[in-house]
Amino acid sequence: MNIVHWVRLICISCLATAGVTSAQAQIPPHEEFICTSGPVKRVVSIVRRNASSGTGKLGGCRVDYTKDGDTRTVWTSQKDDAYCVAKAISLVTKLVEGNFSCKPQTTGPPDESDVPENAPAPSDGR
């Protein structure tokens, strides 16, 4: 199975978990893709925010992109986790097409500080 098929499989898995309610997970996981090409490393992170009190819905998400040690928030959504998953998968797919090898991982609680309201799209320079 080639890497594009793995990325699609991971996307389906992420979309399936995007509907998890706050009752099922008090602190949503911080999911990320570690992408490497030789010594070059890129990280695409999906950070889900805690649910609003009493609604049972997740409180939005953001996609962070780390390049050369510099992390930027490239997309945010106030309500739709699937938006962040789709954007992250799209970016990972571009990296794979650019000869990066990407592997998913789930880390501990996210850092939710300093999320910009209108994040810019990533540049083509990856």
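This is a predicted model: local features need pLDDT of at least 70, side-chain atom pairs count only at pLDDT 80 or more; totals for chains, interfaces and linings use all residues.

How many salt bridges does the structure hold? I looked, and there are 4 salt bridges (a side-chain nitrogen of Lys or Arg within 4 Å of a carboxyl oxygen of Asp or Glu).

Residues are numbered from 1 along each chain as its sequence is written, and side-chain values use heavy atoms, with hydrogens and water left out.

Entry, salt bridges. I looked up Arg48 and found its side chain meeting that of Glu31, N to O 2.9 Å. Arg48 sits in strand β2 (residues 40-48) and Glu31 in strand β1, so this pair ties together parts 17 residues apart in sequence. For the record, strands are DSSP runs of E, at least two residues, and helices are runs of H or I, at least four, numbered from the N terminus. Arg48 is buried at 3% relative accessible area, and Glu31 counts as buried at 10% (buried is under 20%, exposed over 50%, partly exposed in between, with a 1.4 Å probe and protein chains only). I also noted a network of salt bridges linking Glu31, Arg48 and Asp81.

Next I checked Asp68 with Arg42, a salt bridge at 3.6 Å, N to O. Asp68 counts as exposed at 64% relative accessibility, whereas Arg42 is buried at 8%. Asp64 and Arg62 form another salt bridge, closest N and O atoms 3.0 Å apart. Asp64 is buried at 7% and Arg62 at 8%.

Entry, disulfides. I found 2 disulfides (cysteine sulfur atoms within 2.5 Å). One joins Cys35 to Cys102, S to S 2.1 Å. Cys35 is in strand β1 (residues 30-37) and Cys102 in strand β5 (residues 101-107), so the link ties together parts 67 residues apart in sequence. Cys35 and Cys102 are both buried, and their link is right-handed, with 115° about the S-S bond.

Cys61 and Cys84 form a disulfide too, sulfur atoms 2.0 Å apart. Cys61 lies in strand β3 (residues 61-67) and Cys84 in helix α2 (residues 81-97), 23 residues apart. That link is right-handed, at 90° about the S-S bond. Counting bonded cysteines along the chain, I get the pattern 1-4, 2-3.
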